[in-house]
Amino acid sequence: MSALHRKLIRDLIHMRGQLFAVTLVLACGIATYVTMRSSFFSLEAAQFDYYSQFRFGDVFTHLKRAPESLAAAITAIPGVAAVQTRVLMDVTLDVPGLDEPATGRLISIPERRAPMLNDLFLRQGRYIEPGQRGEVLISEAFASANRLGVGDSLDAVLNGKWERLHIVGIALSPEFIYEIRPSEVFPDNRRFGVLWMSRDVLGPAFNMEGAFNDVVISLTHGASEREVISRLDQLLDRYGCLGAYGRQDQISFRFLTDELEELRVYGSILPTLFLCIVAFLLNVLLSRLVGTQRGQVAVLKAFGYTNWEIGLHYLQLALVAVTAGTLAGIGAGLWLASSLIKIYERYFHFPALQLHIDAPLILTAVAIAAGSACLGAVSAVRRAVALAPAEAMRPEPPATFRPGLLERIGLRALLTPASRMIVRNLDRRRWRAVFSSLAVALSIAIVVSGRYAMDAVDRLVSIQFHTVQREDVTVVFQEPRSAHVRFELAQLAGVLRVEPFREIPVRLRLGHRWRLIAVLGLLPDAELRRPIDSQLHPLTLPADGLVLNTKLAEILGARPGDILTVEVLEGARPVLQIPLVSLADEPVGLGAYMDLSALHRLMREGDTISGAYMKVDPAIAPRLYSVLKRIPAISGVSVREAMLASFWKTFGESMGVSTAFLVGFASVIAFGVVYNGARIALSERGNELASLRVLGLTRAEITRILLGEQGLLTIAAIPAGFALGFALSLLLSRFFSRDLFRLPLVVNAGTYAFAALVVFAAAIFSGLVVARRLRHMDLTAVLKSRE
Amino acid sequence: MPPPQPAAPRTPDPPPPPAAAVFHIQGVTKVYRMGDVQVHALRGVDLDLYAGEFVVVLGPSGSGKSTLLNILGGLDVPTSGEVHYLDHNLTAAGDAALTRFRREHVGFVFQFYNLIPSLTALENVALVTEIAEHPMDPAAALRLVDLGDRLNHFPAQLSGGEQQRVAIARAVAKRPEVLLCDEPTGALDYTTGKLVLEVLERVNREVGTIVAIITHNAAIAGMADRVVRMSSGMVAGIQRNVKKISPSELSW
Ligand SMILES: Nc1ncnc2c1ncn2[C@@H]1O[C@H](COP(=O)(O)OP(=O)(O)OP(=O)(O)O)[C@@H](O)[C@H]1O
Ligand SMILES: [Mg+2]
């Protein structure tokens, strides 16, 4: 080993604390990068494989009833590659062990297994057998949420009659990677599930023999989705088509794609922040090192070491930290990614979700690490290289100080000599102080924005489920019913209040923009379901005209006063012109509302309703549920509390995990910055502090001088961190303004306090670690040294 | 006391023919610019150094001694004038060429030793022998300065004089053609200073290295072949000692 390498090793050992701090921050940056990127690639690859191997459709539509012969006409549409006609029905299920009724989405499959669009992956059991009437396959998510297995059975209402269904297999479909009841935001796999059964059984049960009510289409390569959709709408118009849509509007696809986008954005922002801090820390560290080793650099130069050799020597120091950080980061990243994948497995149901790691990903991580290190090291190393040897032989000229800003504006009298030292020191290295403070602020911001997600979801739930949707139970009828059913419902034991609603599927148009949506007709004095305005006040529905929520209005580019074209997709399918009267502002979904009787007038129909919202007496709710289960006319029952509970369970857990990580990351940054800052201060001012000790100051006093600087920086970082955290949260709320849900911008005081606390704890910890060194300060050695 | 100067020289130049000059510098000036103030550190210096010579440079503080030595050693370049080392023209040399020149031909000893604190005595010497072409064994170099038993001590574990001897070993170990020492005894006491001087004299005598020493201590001039006196950035006079005194006989 060469002597220069020995020097390298001893310098490394000498600076191990600081290098470790840098390594830790770097490792975090690389770990977040590897975690997010590999999760992203894993999900993306799983999605791609699943969709292509199991032939996920491109265009979908639902209709009232069409003869099977129409399939040929659909196939003939230019651009259509394959057509899968199906019978699809939502029915009430009685699941063993579940009080509330569950909703089953029954989907027909060919009696004999044949390749189809949205093909099934059979996890367990077998395919249905021809001629066996009661055999079904059920979705894996539903099966595991209810602990159902092959051989178990459950009851379903098939066209008014109870039938026992026997589970022969557990299956998955690319259609239901995210398995959620339509029009809901949170999955509740206990109370909503998909069941596949023979078309020969399902068809006759719902009067669909030789007919279908659902179509899945795949497109030829290069076909125009828009074109096919409009041809399909034309073709199926007479058959009660609810409007064709592409993958973008398919719920499962949309959720997954949104999640991927989120991973992609987080996966580039977080690592970037970390690596900027790494560059900064390395820069300060190496600059200081080159500063203290001026004389050594000069000697090396005097004896003929080349600039290249000297530059490389200092670069190697950074390289060691970077290599260690990168390796640790990659390792931690892979481990984290595999846990993240496990969390994803709860939400997204794939036949197989494997961690996808490849060389390019790892190489990119290495390149990014090396890049940030170079960014940080280069200016310091260049300074070492550029030192003129004759110049470097002289000790560094004494630092020039001047009265700090505080003193200049006349506060001198307020400052003790010790605090004057602190202030002047900060003032002298102004930019370093600013960056240090910013880095600490950033770590506060990371915690704030991490907790913001929790605050926002909390708020979202409270707005949506305590202000907008206040019903305990929603029942949906198989077919629209006469309004007097509401009185029958009100008669049921345990029902406290019933509010009917009418839901009409429409295509809402303004200019060239359109959107498929259900217009919800509500009673003007409704209490259970009330659209709200942006101030969260319940909105009184106008006697005429539409109310849209802001997101839907934004999608259509509509403003109050605009006349919207409403193409009704039900009954006589009239095309109406209805003014947009006002805007509602709930955080979940897209919404269009009308006064119930106004809606009836427009539809030229009598007093019909699609379902009802109910308030129930919790004490006798279970009995009510079992009664509801038995009413054949009801196709779906959803229970708000149960859905929320299941949501909080999964979401709460994953939120807890991600908060823990963000707190960890933020602490690492705060620790790294404060520790390094204090160590640098100690190295720059060791002599000064030793002299003060010799002059009789106590250790506590010089500790205060040393750490006061970092303390001041940390305190200054708090308001900046809050502001930055709020800005980040704002960015996130913008980013999470989706069709499916929108995060409100609320940051609770508790979140700020928590963030400040975390970072303060990290800062105090690092300060104590450095202060311990003062105890071992060798006064004579420091005073002897030439510097 | 320097011995009396011989009778006024008949020839203005020193006796040996210019052809034998190893260093040849002519009209060298060095101007430092600090803001609008110009410091003339050297104002036209002519000097030749010959093979095997032992030269002592004397002069008051600020007279340009260190500046001259730095230029000779290729640590710095003159503002104007010519610097030649054998057939190398150092005047026009760039940074890479100067580095190679230092690496191959020059050894330095500095007033403040400038050892690498994180390396032991042996390693400090090895640092230089590793990049030299015909170096001595580092341990042998340390034995030459009587530090054979302190090989594995770190600078912080050595006294000032010992550190300076390590610095000399480090400079000598590469077998340079020229050894440039800036106040090598400046920080040392009387006995240690003499010890260091003896080492330098031995290297000069045994290896034939050109040795140039800067000092404030006029007494040291006695051991030189020639004494160069500097004042205000110029060579005020060059004096040749007829009889060299061995360092052990020096006293101050
Ligand atoms: N880098 C520099 N910038 C400005 N002035 C300089 C620089 N280096 C040297 N000088 C000036 O040049 C003059 C000669 O300096 P030099 O170091 O050569 O003197 P010296 O003879 O070695 O003095 P001493 O015996 O005190 O070491 C001095 O006036 C000094 O202030
Ligand atoms: Mg000098």
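**Burial and aromatic pairs in the predicted model**

Of the 787 residues in chain A, 56% are buried (under 20% relative accessible area, with exposed meaning over 50% and partly exposed in between, for a 1.4 Å probe and protein chains only). The structure is a predicted model, in which local features need pLDDT of at least 70 and side-chain atom pairs count only at pLDDT 80 or more, whereas totals for chains, interfaces and linings use all residues. Residues are numbered from 1 along each chain as its sequence is written, chains are lettered from A and ligands numbered from 1 in the order in which they are written, and side-chain values use heavy atoms, without hydrogens and water.

The C-alpha trace of chain A spans about 100 × 55 × 50 Å along its principal axes.

Over all chains, 28 aromatic pairs are found (rings of Phe, Tyr and Trp, the last by its six-membered ring, with centres within 6.5 Å; planes under 30 degrees apart count as stacked, over 60 as edge-to-face and the rest as tilted). The pair of B:Phe23 and B:Tyr85 is tilted, because the ring centres lie 5.0 Å apart and the planes stand at 55 degrees; both residues are buried. A stacked pair is formed by B:Phe108 and B:Phe110, at 5.7 Å centre to centre and with 5 degrees between the planes. B:Phe108 counts as buried at 2% relative accessibility, and B:Phe110 is likewise buried, with a relative accessible area of 6%. In chain A, ring pairs join A:Tyr51, A:Phe56, A:Phe60, A:Tyr245 and A:Phe253 into a cluster.
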